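Let's take a friendly walk through this model together. Have a look at the sequence and the fold before reading on.

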Amino acid sequence: MLLHTSTQPSNNTLKSNISSFFIHLTQFSKSTNHTFYSLIRIADLMEDESVTESMQAEAEQPHDALFLVLAYLPVLELLNMTQTCVSLRDAVNKDVLPWLNIIIERPLSSRLSDEILMKITSKADGKLRSLIIRNCVKITDYGLQRVVEENPYINKLHLPGCTSLTPEGIIIAVKTLSQQPNSLKSLQINGIYNLNKQHLQTLSSCLRTDPAQKKPHPILYHHYRINPSSTCMEKDRIIDVDVCVKCDEVQMVFDCSRGICRQKRDRGSAGCRGCNFCITRCEECGGCVVAEEQEDTACADVLCSDCWIHLPKCNHCNKPYCKRHANQLFSSSGCIGFVCEACHVIAIGDSIWGDNAVE
Ligand SMILES: [Zn+2]
Ligand SMILES: [Zn+2]
Ligand SMILES: [Zn+2]
Ligand SMILES: [Zn+2]
Ligand SMILES: [Zn+2]
């Protein structure tokens, strides 16, 4: 990405460019406050000319760097960009590049309908490469099928938690995409209801290009919890879910991070490999945790004793937060350390009760 030009810009040009960049960033951040509004009008915004005049009046030509950034923005930010100025709106609406990899997650996901998804994906002009929609509960088999028919070159299809989709609908979509050689490389379907072994077999047979392929890297629980679609999981794994040998259900199946469990597995024992319902795991280290070793936490996640000891604890109840929930703590007035949310609420209640008692 080249941002430097061979001729040095004058100080004035530089100042004007920088101020233009920040004006647009400010407008962008203002527009992100209108998520709810922008979402309801997703379809309209793309063609709405009524805001053009006010945009022109407020904004100068945006800095070139902002156009380069567009291809890397998730859909919510792209849509917000269409509200900052005419040039950016045109760049988002008329260029295919920002729409080749579509990622839709919270807070957009719960409101995404088939119709809006079709509208958004049509911007890729049939060249969509990744469709990553998480927890989009309104998307149906019909909407998915329409999108894959229009975009046969999708190589990454992630649909976790899209609970209106059925295994049968996903199979039809995957079969459609599999008509293109080497098209689909990554499928994530964790959280789809009623997936069974037969469905998984059918999907695997559509996708597996090399039957002698070596076993994919194990998925560790604590890595997955931080980043469910991490690239390390995608690298050598086509489908995210597997059959849990403990319950025989199709679920996310985790391996253990404990050395002793890894050794057992290397010797051929299933050991503690299993889904989250069958094996309790530590939020911090991903190791299996037996009931006697489970420690209390302020966020209700499970920790093993080793991890529990090393984490800072609430001044009142002596429970730690796992690192993922460490932002829920409240500072403890006048003391070192923190109080957890539950103790903070109790303390507020006590202070109100105390005031009333004095009256
Ligand atoms: Zn299981
Ligand atoms: Zn642990
Ligand atoms: Zn284990
Ligand atoms: Zn506490
Ligand atoms: Zn936690």
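What percentage of the 359 residues of the chain count as buried? The figure is 28%, where buried means that 20 or more other C-beta atoms, placed from the backbone, lie within 10 Å of the residue's own.

## About the model

This is a predicted model, in which local features need pLDDT of at least 70 and side-chain atom pairs count only at pLDDT 80 or more, while totals for chains, interfaces and linings use all residues. Residues are numbered from 1 along each chain as its sequence is written, and chains are lettered from A and ligands numbered from 1 in the order in which they are written.

## Overall fold

The chain has 16 helices and ten strands, taken as DSSP runs (helices H or I, at least four residues; strands E, at least two) and numbered from the N terminus. Of the contacts (C-beta atoms within 7 Å) with a separation of 6 or more, 66% join residues 24 or more positions apart.

## Two cores

A nonpolar core is a set of buried Ala, Val, Leu, Ile, Met, Phe, Trp, Tyr and Cys residues joined through C-beta atoms within 7 Å. The largest has 43 residues, and Val75, Ile102, Leu112, Leu131, Ile133, Ile139 and Leu159 touch the most other members. Elements supplying at least two residues each include β1 (101–104) and β2 (130–133), while α6 gives the most, with five.

A second, separate core of 18 residues includes Ala298, Cys307, Val339 and Cys340.

## Confidence

The pLDDT (the predictor's confidence in each residue, from 0 to 100) averages 81 over the chain.

Key. A residue is buried if 20 or more other C-beta atoms lie within 10 Å of its own, exposed if 12 or fewer, and partly exposed in between; C-beta atoms are placed from the backbone. Two residues are in contact if their C-beta atoms, placed from the backbone, lie within 7 Å.
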